[in-house]
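Visitor: I have a protein model on my screen and would like to learn how to read it. Could you take me through some features, one by one?

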Amino acid sequence: MPTVVPQLAPRFLIIDNYDSYTFNLFQFFSAYLNVAPVVIRNNQFSWKEFKSTILPHFDAIVISPGPGRPDVTQDFGICSDILLNVDLPIFGVCLGHQGLAAVLNGKVVRADPPMHGRLSDIFHDGKGLFKSIPSPFKAVRYHSLVVANDLPNDLEMSAWTNDGSNQTEPIIMGLTHKSKNIWSVQFHPESISTEYGQTIINNFCALAYQVWTEKGFHESDDPLPSSLDHLSVIPEPLVSPELSKKHNFKAIIEPLSHYVESETVFSELFSSDPHSFWLDSAKVEDGISRYSFMGDCKGPEGYFLNYSLKTRIITERRSTGEKSVFVPSDETFFTYLAQIMHDAKIEKDAVEYVNSNSIEYNIPFMGGLVGFIGYEMKSETLKYEQNQAEFLTKSADDIPDSCFLFTDRLVVFDHLECRILVVTLVDQTGSHGSIRKIQQQWMNDTKSKIERMVFDIEKIAAVQTDVPILKIPQIQLAHQRDEYIQMIDESLSKIDQGETYEVCLTTQLKGCLSHPHPSPYQLYKHLRKRNPAPYAAYLSFGNDLTITSSSPERFLRIIDDGVISMKPIKGTLKRATPLNFKGTASDIDFENERRRHLLATSEKDRSENLMIVDLIRNDLNQISKLNSVTVPALMVVESYATVHQLVSTVQATLRDELTAVDAVMRSFPPGSMTGAPKLRTCQIIEQLEKIPRGPYSGVIGFFSVTGQSDFSVVIRTAIFNQRDDVTHVSIGAGGAIVALSDPKDEFEEMVLKAQSVLPSLNHVYRNHFL
């Protein structure tokens, strides 16, 4: 074991090169030091300011990975000056490793081939960073550039690999400075799949301690000045938990003795309401999708709100009128949402159970906000500095960038227990007696209506699942095949240049419907039976916007003890069915097992998934309690009606002072829809796609007054938008582009994903396309 950290905790500084894995290093160092390092961006301070006011307070520096090149100031910031001029222990990872060679006039050249999300055997000299580690060991590589073998005289190679090399010489994987206390690695020790990653971090800390024992610690035993600690890029709460609340809500819950299928209830009670929601566990899985929620915003405390990034105006509509709120450029819509949920939050004992036989039902959603956050909201979540360049696509234009309903009454389905509950919120301040009567009357009326319903549901016959996109002439790709393949080629070029590791490229299929036409709800009923999914949803935001989703992917869930769970999907393979595979039922089962195994062992698909898992770990490490981020399930195959998919689960525990709104904002947009590193890759995506994604690639879900939350990723979704007396419908689809991608295969994967929604669209609207 390395030397134990002294009683006075050393002060570690991590320089973030705008990477999406930096906070995984943060986690590993926190695990050893039992104290959080300070993290700053590479351009947060000038070199002069950093040298005089920041540097004297720290004992060691870590230079993170990042996109780009170390010889480009925009990519590497003050890191070159640090490597040349700072006499402290320094540890460089990936870009930091390349930078060490570059500042000493070493060559940084293209890797042949690029390696992203792939494992290699790492050999080493057994010293320094690699003390007590077997040689070789497996490590994850994310890089398109490497340090050339003709090293500067001041450096020596400490680790190497031959994996993935088209050259006869080994590829340098580790460097040691001969006269300064600087060590570096090309691979990523912080990746979830790297062996001995924590040991490498521990060994650096031990090496740094040896330097400190020779040179002495910082002179002061005082803790780090708060003025410096607050400069760390660790997010602060959007709203102070100490603020007083505007409401004193109480939840009233009553179970029904009668059970009816959820579709029957929504059809009868809410489907004709222009502002309604149904968060639908169409595919029930224990521990994943137990509940469904439906309702509207007609209650006494209910309202509808939307937000446009273009105008920066929030429009809030209640039964009593409408108001508009302008969001200043230094604030965000998420702050507004956080304030709403802070004011509405209920305490654990503020729940009243009616006719429940003393049974308490710990349902996750008892009222609050239900809606979506569109992809373009990234301009607020990925804004790291005031003078940061704006995104090219600033808004979804004709569609609000975010919409929510505040619901104070809803119907809840517990599918595992086959139980229906009605829930209302009552504000106990002011004239709560009259509000309670209104809500009680609604509960009574709703119970009465449900109890008269019959357990029956229309069965939809099997429909053709393989409808070729290009044979529905009224449905047009936003990017035709040749253009989409060109976008893939450009993505591969960006990967080859080291600008990104993975690009989640998408396009949209668009069409228009003549009036009159069947309602979007008719499509949704067909979709949820044909392609049932655990995170399905139907959202109606007036006559102008309706979202029908059969998403299989959870974005983020927070339960009542603050445990966060995210389930990224990366890796898709078509499922064999009687409609697309000839053979007996046994033959089809055998074929699906073969495909499941093929997906589980695909190096390309595993690399895609791993990159996003590491990105999500990074996002969660910024908002979670120290050392709480775990990966309980890594790359597990899950099967759905039309596809098999590779799914992982990442969990953490939210910091006490943060809320679900903080968590969603700091993790948005979903990494599975961007790629990594997130900021740089989103900028690349905009240059390629050139059109807004709108709700697609965003998230759908709820913020509960209990503090809990659950959001899905908007995929496998049809979006209806009425404007100029025409109903526009769009379906987004895409896939992750990595170094191993084949452009033609990627186009076919995009087509496959669109097939989850297209057949239902064709079935319901085939006579209504313009």
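Visitor: At what angle do the axes of helix H12 and helix H17 cross?

Guide: The axes of H12 (residues 481-496) and H17 (residues 678-689) cross at roughly 150 degrees and come within 10 Å. That makes H12 roughly antiparallel to H17, since angles over 145 degrees count as roughly antiparallel, under 35 as roughly parallel, 65 to 115 as roughly perpendicular, and the rest as oblique. An axis is a line fitted to C-alpha atoms, for helices over the stretch in contact, and angles run from 0 to 180 degrees between N-to-C directions. Helices (H or I, at least four residues) and strands (E, at least two) are DSSP runs numbered from the N terminus.

Guide: Before we go on, this is a predicted model, in which local features need pLDDT of at least 70 and side-chain atom pairs count only at pLDDT 80 or more, while totals for chains, interfaces and linings use all residues. Residues are numbered from 1 along each chain as its sequence is written, and side-chain values use heavy atoms, with hydrogens and water left out.

Visitor: Which residues of H12 and H17 meet?

Guide: A contact means heavy atoms within 4.5 Å. On the H12 side you will find Met487, Glu490, Ser491 and Lys494, and they meet Ile684, Gln687, Leu688 and Glu689 of H17. By class, this contact of H12 with H17 holds three nonpolar, two polar and three charged residues. Here Ala, Val, Leu, Ile, Met, Phe, Trp, Tyr, Cys and Pro count as nonpolar, Asp, Glu, Lys and Arg as charged, and the others, Gly among them, as polar.

Visitor: How are H12 and helix H18 placed, parallel or oblique to each other?

Guide: Begin with the angle: the axis of H12 crosses that of H18 (residues 743-754) at roughly 120 degrees, and the two come within 9 Å. H12 and H18 are therefore oblique to each other. In H12, look for Arg481, Tyr484, Ile485, Ile488, Asp489 and Leu492; in H18, their partners are Pro743, Lys744, Glu746, Phe747 and Met750. The contact of H12 with H18 has seven nonpolar and four charged residues, and no polar ones.

Visitor: What is the angle between helix H8 and helix H13?

Guide: H8 (residues 262-269) packs against H13 (residues 520-530) at about 175 degrees, and their axes are 12 Å apart. H8 and H13 are therefore roughly antiparallel. Ser262, Glu263, Phe266 and Ser267 make the contact from H8, with Tyr521, Lys525, Arg528 and Lys529 from H13. Four of the residues in the contact of H8 with H13 are charged, two are polar and two are nonpolar.

Visitor: Which residues are closest to the centre of the second largest pocket?

Guide: The second largest pocket holds about 950 Å³. Of its 40 lining residues, Lys345, Asp560, Thr706, Gly707 and Gln708 are the closest to its centre. Its lining has 17 nonpolar, ten polar and 13 charged residues.

Visitor: Which peptide bonds are cis?

Guide: Most peptide bonds are trans. Yet the bond from Asp112 to Pro113 is cis, with omega near 5 degrees, and Pro113 is in strand S5 (residues 108-124). Another cis bond joins Ala676 and Pro677, with omega about -10 degrees.

Methods
1 Å grid on protein atoms, 1.4 Å probe; cavity = no way out; pocket = protein on both sides within 12 Å on 5 of 7 lines; lining within 4 Å. Points joined across faces, edges and corners; volume = space filled by probe spheres on them.
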